[in-house]
Amino acid sequence: MAKYLLLKHYRRTGPAWVPGTDIPMDQWSPEDVTAHIAFMQTVADELRESGEFVDAQALSPEGTWVRYDGEGRPPVTDGPFAETKDLIAGWMIIDVDSPERAYQAAARLSSAPGKDGAPIHEWLEVRPFMAELPPTVTE
């Protein structure tokens with residue numbers, strides 16, 4: 001078994017972008033939001049039943065980029081703002097037997113219903129957890 005992080009991306013550009021499927025959730029009806037959340041819960045329950053679910057969370061569209069700017073200096077921040085091209089909406093961690101199984105789970109999540117019940121065809125980035133940390137340099 002290997003752990004994978006499934007990052008849920010709402011993309012608004014790119015060659016495989018499906019126009020009309022990127023309508024922000026704040027423009028959906030309450031019924032559409034409820035259906036979407038119920039679908040995500042159903043997929044999580046299916047993965048729990050198979051022993052493959054680890055954790056999942058939705059993310060707020062707001063965020064801030066932060067970086068170190070030197071000893072004794074405050075952190076540098078940029079934002080908050082949501083990048084309009086690519087927005088990470090949430091994540092799920094699964095523990096599965098193969099990359100192909102991780103891709104299957106990601107594809108199922110991609111079919112979640114959106115506005116008016118249409119599949120949103122969202123992009124999911126499938127990232128394996130590192131099995132081992134890289135070796136450290138010792139003296």
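**Fold, core and salt bridges of the predicted model**

Residues are numbered from 1 along each chain as its sequence is written, and side-chain values use heavy atoms, with hydrogens and water left out.

Going along the sequence, the elements come in the order β-α-β-β-β-β-α-β. Of the contacts in the protein with a separation of 6 or more, 75% are between residues 24 or more positions apart (contact means heavy atoms within 4.5 Å). Buried residues account for 27% of the 139 residues; here buried means under 20% relative accessible area, exposed over 50%, and partly exposed in between, with a 1.4 Å probe and protein chains only.

Helix α1 covers residues 30-49, 20 residues in total, and spans 28 Å from first C-alpha to last, close to the 28 Å expected at 1.5 Å a residue (the expected span being 1.5 Å times one less than the number of residues). Its buried residues are Asp-32, His-36, Phe-39, Met-40, Val-43, Ala-44 and Leu-47. Looking down the axis of α1, these fall within an arc of 130°, so they line one face of the helix (the arc is taken from the directions from the helix axis to the C-beta atoms). On the face turned away from that buried side sit the exposed residues Pro-30, Glu-31, Thr-34 and Glu-49. After α1 comes Gly-51, with a positive phi near 80°.

The largest nonpolar core holds 19 residues, and those touching the most other members are Leu-6, Leu-47, Met-92, Ile-94 and Leu-109. Such a core is a set of buried Ala, Val, Leu, Ile, Met, Phe, Trp, Tyr and Cys residues joined through side-chain atoms within 4.5 Å. Two or more residues each come from β1 (2-11), α1, β5 (86-96) and α2 (99-110), and α1 gives the largest share, 5 residues. Leaving aside neighbours within four places in sequence, Leu-6 is in contact with residues including Met-92, Ile-94, Ala-102, Leu-109 and Val-126.

Most residues other than glycine have a negative phi. Asp-116, though not a glycine, has a positive phi of about 60°; this residue lies in the loop between α2 and β6 (123-128) and is exposed, at 63% relative accessible area. His-121 is found in the loop between α2 and β6, also has a positive phi, about 50°, and is partly exposed at 43%.

Side chains of opposite charge can pair when their charged atoms come close. The count here is 7 salt bridges, each defined as a side-chain nitrogen of Lys or Arg within 4 Å of a carboxyl oxygen of Asp or Glu. Glu-46 pairs with Arg-108, the closest N and O atoms being 2.9 Å apart. This pair links distant parts of the chain, with Glu-46 in helix α1 and Arg-108 in helix α2, 62 residues apart. Glu-46 is partly exposed at 35%, and Arg-108 is partly exposed at 32%. Asp-69 and Arg-73 form a salt bridge at 3.2 Å, N to O, and together with Arg-67 they are linked in a network of salt bridges. Asp-69 is partly exposed at 25%, whereas Arg-73 is exposed at 53%.

Definitions and conventions: This is a predicted model: local features need pLDDT of at least 70, side-chain atom pairs count only at pLDDT 80 or more; totals for chains, interfaces and linings use all residues. Helices (H or I, at least four residues) and strands (E, at least two) are DSSP runs, numbered from the N terminus.
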